[in-house]
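Subject: Structure handover

Hello,

Here is the structure you will be working with. Please look it over first, then read the notes below it.

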Amino acid sequence: MTVTIPTLIEPRRFGDARGWFTEVYNEATFHARGITQRFVQDNHSLSAPRFTLRGLHFQTPPNGQDKLVRCIRGRIFDVAVDVRRDSPTYGQWVGAELTAENGRQLFVPIGFAHGFLTLEDDCEVTYKVSSLYAPQSDGGIRWDSADIDWPMPAGTTPELSPKDAVLPALADFDSPFPYDGCPLAPLA
C-alpha cells in the first residue's frame, strides 16, 4: 500500500572515529515502507536568519508534488497541514524537528501544505519532489492560519518572503485535493 500521509523517516547512521555514513534515499527501501513515489527534482534552500518561515506551500493537480525533506545544516521545525477536501483531519497538522545532527526526514505527500521554520541561523534544507516545478500550479496558505504551534518566542514575527506574506488563509482556501480515505495520523 502506498503511503499517503506524512511520515517521519529516520535513516540509520553508521559511525566510527571518522564520522558517520547514512543512506539518505534507496528506492527499494522506501518502496518496502510504502513510499513508492518517483522523485524527479532536488531542491536546496539556505535561510540566513533564525525564525525564517518558508511556507505553507503546495502544487495543485495535475502537478502535485510529494516531498522528501531533510535539514543538512542547522535545525528546522518542519510541518505538514492536511488540505484534502472532505478529510476528517482537514486543517490539522503534524510537525517534527529536523536537524543536520538527527538526520530525520519528513515525507510530505500530495494533499498536504508544507512549510518550515528555521530555529538557528544559516539553515540549509534539501528536498526531493515527485513533479517538476510548475508555476501555474504553485499555491499555498498563510503560515498563521492553521493554528500551528510554531516554536518561537511570543511576539516574534517570522521572516517571510513577499509571496508568503500574502498567501490566503486556510479558511479561504478552496481545496482541489481529494481525500483518499487515510486520515492524518501522529508522526511515529
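A cavity is a set of points, on a 1 Å grid over the protein atoms alone, where a 1.4 Å probe fits but cannot get out, and its lining residues have an atom within 4 Å of a point. This is a predicted model, in which local features need pLDDT of at least 70 and side-chain atom pairs count only at pLDDT 80 or more, while totals for chains, interfaces and linings use all residues. Residues are numbered from 1 along each chain as its sequence is written, and side-chain values use heavy atoms, with hydrogens and water left out.

The cavity

The structure holds 1 cavity of 30 Å³ or more. The largest cavity has about 40 Å³ of space, where a volume is the space filled by probe spheres set on the grid points, joined across faces, edges and corners. Its lining consists of His57, Phe58, Gln59, Gln65, Lys67, Val108, Pro109, Phe112 and His114. Strand E5 gives the most to this lining, with 3 residues; strands here are DSSP runs of E with at least two residues, numbered from the N terminus.

The sheet

Which order do the strands of the open sheet have? The order is E8-E7-E10-E5-E12, with antiparallel pairing. Two strands pair if DSSP finds at least two bridges between them. Strands E8 (93–99) and E12 (138–140) are at the edges with a single partner strand each, so one side of each has no neighbour in the sheet.

Another 7 bridges join E7 to E10, including the one between Val79 and Gly115. E5 (residues 53–59) is joined to E10 by 4 bridges, with Leu53 and Leu117 as partners.

Is E10 mostly covered or uncovered? It is mostly covered: 7 of its 7 residues are buried, that is, under 20% relative accessible area with a 1.4 Å probe and protein chains only (exposed is over 50%, partly exposed in between). Phe112, His114, Phe116 and Thr118 are on one side of E10, and Ala113, Gly115 and Leu117 on the other.

Ile110 lies in the loop between strand E9 (105–108) and strand E10 (112–118). Its relative accessibility is 35%, so Ile110 counts as partly exposed. Beyond its neighbours within four places in sequence, Ile110 is in contact (heavy atoms within 4.5 Å) with Gly64, Gln65, Asp66 and Phe177.

Regards

Conventions
On a 1 Å grid over the protein atoms alone, a cavity is a set of points where a 1.4 Å probe fits but cannot get out, and a pocket is an open set with protein on both sides within 12 Å along at least five of seven lines; lining residues have an atom within 4 Å of a point.
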